[in-house]
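Here is a friendly walk through one fold, written for someone who likes to check contacts and cut-offs. Have a look at the model below, and then we can go through it together.

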Amino acid sequence: MGNLRLQLFSFILSIIMFFHLCGALSSCNGPCQTLNDCQGQLICINGICLDDPDVGTHICSGGGGGGGPSPRCQSIGNLNCKGKSFPQFKCSPPVTSSTRAVLTNNDFSKGGSGGDPSECDGKFHSNSDPIVALSTGWYNGGSRCGKMIKITASNGRSVLAKVVDECDSVNGCDKEHAGLPPCHNNIVDGSDAVWHALGLDIDIGEIPVTWSDA
């Protein structure tokens with residue numbers, strides 16, 4: 001009888017430890033392997049449960065001073081383009097001293113993938129210049145036009161780049177946007193020069209980075 005009780009106690013203890021371990025794995029800054037390993041609105045990024053830049057959560061960093069998550073950056077609708085549905089955003093995740101983003105590549109020259117001239121100055125630009133377009137929320141109605149931002153890659157390299165355009169997170173799939181769908185709300189669309197300065201392979205297409213106002 002005593003042996004049976006001991007086995008039952010061990011079984012219950014193992015279950016408690018299992019759920020405790022699961023909770024630890026899914027908490028802020030806890031290890032993860034898949035999206036399902038992270039609790040709530042957290043997302044698995046490079047093996048760590050962190051705030052989801054797509055929805056603008058700010059749980060792990062404690063932004064806002066109230067101890068809870070910041071208001072979510074929610075989609076305002078969807079745009080149907082080429083048989084697919086793309087979310088539309090007027091907002092982006094909060095800007096911090098190390099704002100997580102996705103770096104993409106854009107051709108800012110005439111006839112390039114950027115479509116019409118840059119929103120800030122109505123001009124085309126050389127791709128040999130370190131310049132970027134920001135998602136609509138970060139572009140913020142042009143308030144960052146002509147200003148520099150600092151972009152940092154996971155390899156430790158960083159570059160200063162000038163904001164010259166908006167990566168439209170609301171509109172797309174037309175001539176003005178070169179037929180491309182709306183940008184996600186966490187995009188830093190960089191010129192070739194930005195990618196080269198960071199020592200990144202442009203053929204990758206998309207890569208996680210962080211940025212801040214310079």
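Which residue in β9 stands opposite Leu103? Val188 stands there. This is a predicted model, so a local feature needs pLDDT of at least 70 and a side-chain atom pair counts only at pLDDT 80 or more, while totals for chains, interfaces and linings use all residues. Residues are numbered from 1 along each chain as its sequence is written, and side-chain values use heavy atoms, with hydrogens and water left out.

**Overall layout**

The protein has 3 helices and 10 strands; these are DSSP runs, helices being H or I of at least four residues and strands E of at least two, numbered from the N terminus. Along the sequence they follow the pattern α-β-β-β-β-β-β-α-β-β-β-α-β. Of the 214 residues, 38% are buried, where buried means under 20% relative accessible area, exposed over 50%, and partly exposed in between, with a 1.4 Å probe and protein chains only. The protein exposes about 11,800 Å², and carbon and sulfur atoms supply 55% of that area; areas come from the Shrake-Rupley method with a 1.4 Å probe.

**The barrel**

Six strands form a closed barrel in the order β5-β9-β6-β8-β7-β10, with mixed pairing. Neighbouring strands of this sheet are turned by 45 degrees against each other on average, direction ignored; the axes are lines fitted to C-alpha atoms. Two strands pair if DSSP finds at least two bridges between them.

| Strands | Sense | Bridges |
|---|---|---|
| β5 (residues 99–105) and β9 (residues 187–190) | parallel | 4 bridges |
| β6 (residues 131–135) and β8 (residues 158–167) | parallel | 5 bridges |
| β7 (residues 148–153) and β8 | antiparallel | 5 bridges |

Within β8, Asp165 is the bridge partner of Ala133, and Ala161 is the bridge partner of Ile149. The hairpin of β7 and β8 has 4 residues between the strands, and Gly156 there takes a positive phi near 95 degrees.

**Inside the fold**

The largest nonpolar core has 20 residues, and Leu103, Val132, Leu134, Ile151 and Val188 touch the most other members. Such a core is a set of buried Ala, Val, Leu, Ile, Met, Phe, Trp, Tyr and Cys residues joined through side-chain atoms within 4.5 Å. At least two residues of this core come from each of β5, β6, α2 (136–139), β7, β8, α3 and β10 (207–213). Apart from it lies another core of 8 residues, including Val102, Phe108, Ala133 and Ile187.

Val188 has contacts (heavy atoms within 4.5 Å) beyond its neighbours within four places in sequence, among them Leu103, Val132, Trp138, Ile151 and Trp211.

**Two serines**

Is Ser191 buried or exposed? Ser191 is buried, because its relative accessible area is 0%. This residue lies in the loop between β9 and α3 (192–197). Beyond neighbours within four places in sequence, Ser191 is in contact with residues including Asn105, Phe108, Asp129 and Ile131.

Ser97 sits in the loop between β4 (84–88) and β5. Ser97 counts as exposed because its relative accessibility is 69%. Not counting residues up to four places away in sequence, Ser97 touches Trp211 and Ser212. Ser97 and Ala214 are 117 residues apart in sequence, and their C-alpha atoms are 9.4 Å apart in space. Across the protein, among contacts between residues at least 6 apart in sequence, 58% join residues at least 24 apart.

Notes: Axes are lines fitted to C-alpha atoms, for helices over the stretch in contact, and angles run from 0 to 180 degrees between N-to-C directions.
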